[in-house]
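Here is a briefing for a first look at this structure. Please keep the sequence and the 3D view open as you read.

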Amino acid sequence: MPDNNNKDSNNNTCADQPQAALTIDEARNAILRLIPVTTKTETVSLANAIGRITATDCHAVRNIPPFRNSAMDGYAIREQDLKTDRRFKIIATSLAGHPHTNHLSEGEAVRVTTGAAIPDNADAIVIQELVNKDADTFTTNAVVKTNQYIRNPGDDIADKQQLISANSALKAADIGLLAAQGIEQVEVFAKARVGVFSTGDELCDSQQTLKSGQIYDSNRITIQSLLKKAGVDTVDLGICRDNRSDLQRMMELGTEFDFLLSSGGVSVGEADHVKDALENSGELLFWKVAMKPGKPLVSGKLHNGAFYFGLPGNPVSSMVTCIQFVIPAIQAMSGVKFQTPISLQAKSLSELKKEPGRFEFQRGKVYNDENGELTVSTTGLQDSHVLSSMTQANCFICLDQFVSGAKQGEQVSIILFDSYPAL
Ligand code: AMP
Ligand code: MG
């Protein structure tokens, strides 16, 4: 989908050079500045628009509400009539969908339900709880204010007003706003084409029986699930064995994709060929980020046009790097500007251990303690193979690059998993 081959990447490569680990922001910015926003758009029905990114501003074509209507069940009256007599004659009923808007004469009322149109010269609603009704008349002692319980045309949305700006991820309320306008379709950016595969001689698919030394491939489906939750479609490219020629064959598939993602094979062991294969088939952007989990992370651009991410093999590392780098990059192609997720401060229930040098995303469980104070407890073992830490956690505990842990009772930064579109 990229519509231009951004040659800037030449200025950002570091192949064949020893590389200091980039900070998370440096690494993310290095990628994001290379990602072109697609010019491909498509029109989708509102039913299929949730999470899609608007390609244009959307404007109102009518006022909402479109007509004066009642916010309560009751009686529409002229407020001035309360000053002369508190007895009203009910001359008609106006129901939602069955309007009665004839002018009221002195002492007349129209029975109204919520959402029903009211007579043009009605300027107050007496709620039904405050009337003494007797056949087709009622009396009331209610204190009624002019325009109380009346919804005026355009007080939610005014005609021609901007409803949603371009580059917005459509939420349920946005779709409702469009539907209320009678709009049926919306123009959105085309989705990126993303291929996902795993690397590793030890990996086995779920249909196979594990042999000695083998493990089931969990990263591929986890990464695909993260992406799916973030609104990204993926193609499953299976498992690639640990050799450079197979890897390069996978990289040739970059002609069919905007992004190719793999996990595993990015450290410095003898079975780790991803970096070399990428250097052969494209340009390496970076391969070390000062974060934990997820230090080895290969990123670059293939000569055939696709962006490539070689995520670490350890399950937590591949998830965290996918969330921090891959999803922002894919979304950038669809016009989404990266926004740092909101962090909160919480009291650490226990001491947190950390070596200075890398930013850490430890996994935590945050809750309000008995005094209502936001408190976070660690999920325990923080090693990057401990995938259960991600299932137990509801937040990351974010520990800055140069700090060495946190004391019990100290305030620490947390980011709720709910802040990420993928989690
Ligand atoms: P690697 O970076 O390839 O050395 O992998 C690091 C660790 O992650 C090893 O313990 C691998 O077995 C494990 N690993 C690699 N790929 C996967 C995968 N797709 N699913 C589960 N574990 C994996
Ligand atoms: Mg491996």
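Helix 2 and helix 7 are roughly parallel to each other, a label for angles under 35 degrees, with over 145 counting as roughly antiparallel, 65 to 115 as roughly perpendicular and the rest as oblique. The model is predicted, so local features need pLDDT of at least 70 and side-chain atom pairs pLDDT 80 or more, while totals for chains, interfaces and linings use all residues. Residues are numbered from 1 along each chain as its sequence is written, chains are lettered from A and ligands numbered from 1 in the order in which they are written, and side-chain values use heavy atoms, without hydrogens and water.

**Helix 2 with helix 7**

- Helix 2 covers residues 24-32 and helix 7 covers residues 315-333. Helices are DSSP runs (H or I, at least four residues), strands are runs of E (at least two), and both are numbered from the N terminus.
- Their axes come within 10 Å and cross at roughly 30°. Axes are lines fitted to C-alpha atoms, for helices over the stretch in contact, and angles run from 0 to 180 degrees between N-to-C directions.
- The crossing of helix 2 and helix 7 is right-handed. That term applies if the near helix is turned clockwise from the far one by less than a right angle, and left-handed applies if anticlockwise.
- Helix 2 contributes Ile-24, Ala-27, Arg-28, Ile-31 and Leu-32, and helix 7 contributes Gln-324, Phe-325, Pro-328, Ala-329 and Ala-332. Contact means heavy atoms within 4.5 Å.
- The residues of this contact divide into 8 nonpolar, 1 polar and 1 charged. Ala, Val, Leu, Ile, Met, Phe, Trp, Tyr, Cys and Pro count as nonpolar, Asp, Glu, Lys and Arg as charged, and the others, Gly among them, as polar.

**Helix 4 with helix 7**

- The axes of helix 4 (residues 219-229) and helix 7 come within 10 Å, crossing at roughly 35°.
- This crossing is right-handed.
- Residues in the contact include Ile-223 and Leu-226 of helix 4 and Met-319 and Ile-323 of helix 7.
- The contact has 10 nonpolar, 3 polar and no charged residues.

**Helix 5 with helix 6**

- Helix 5 (residues 244-252) and helix 6 (residues 274-281) have axes that come within 9 Å and cross at roughly 50°. Helix 5 is therefore oblique to helix 6.
- The two helices make a right-handed crossing.
- Arg-244, Leu-247, Gln-248 and Met-251 of helix 5 meet residues of helix 6, among them Val-274 and Asp-276.
- The contact counts 5 nonpolar, 3 polar and 2 charged residues.

**Domains**

- The domain assignment gives domain 1 (13-38 + 191-332), domain 2 (42-63 + 155-189), domain 3 (69-151) and domain 4 (344-419). Such bounds come from an automatic or database assignment.
- Domain 3 and domain 4 have C-alpha centres 58 Å apart.

**Aromatic pairs**

- The whole structure holds 9 aromatic pairs. Rings of Phe, Tyr and Trp (its six-membered ring) pair if their centres lie within 6.5 Å; planes under 30 degrees apart count as stacked, over 60 as edge-to-face and the rest as tilted.
- Phe-396 and Tyr-420 are edge-to-face, because their ring centres are 5.7 Å apart and their planes are at 85°.
- Phe-396 is in strand 25 (residues 395-399), and Tyr-420 is in the segment after strand 26 (411-416), 24 residues apart.

**Backbone details**

- Ile-64 and Pro-65 are joined by a cis peptide bond, with omega about -5°. Pro-65 sits in the loop between strand 2 (58-59) and strand 3 (69-70).
- The bond from Lys-292 to Pro-293 is also cis, with omega near 0°.
- Ala-135 has a positive phi, near 50°, although this residue is not glycine.
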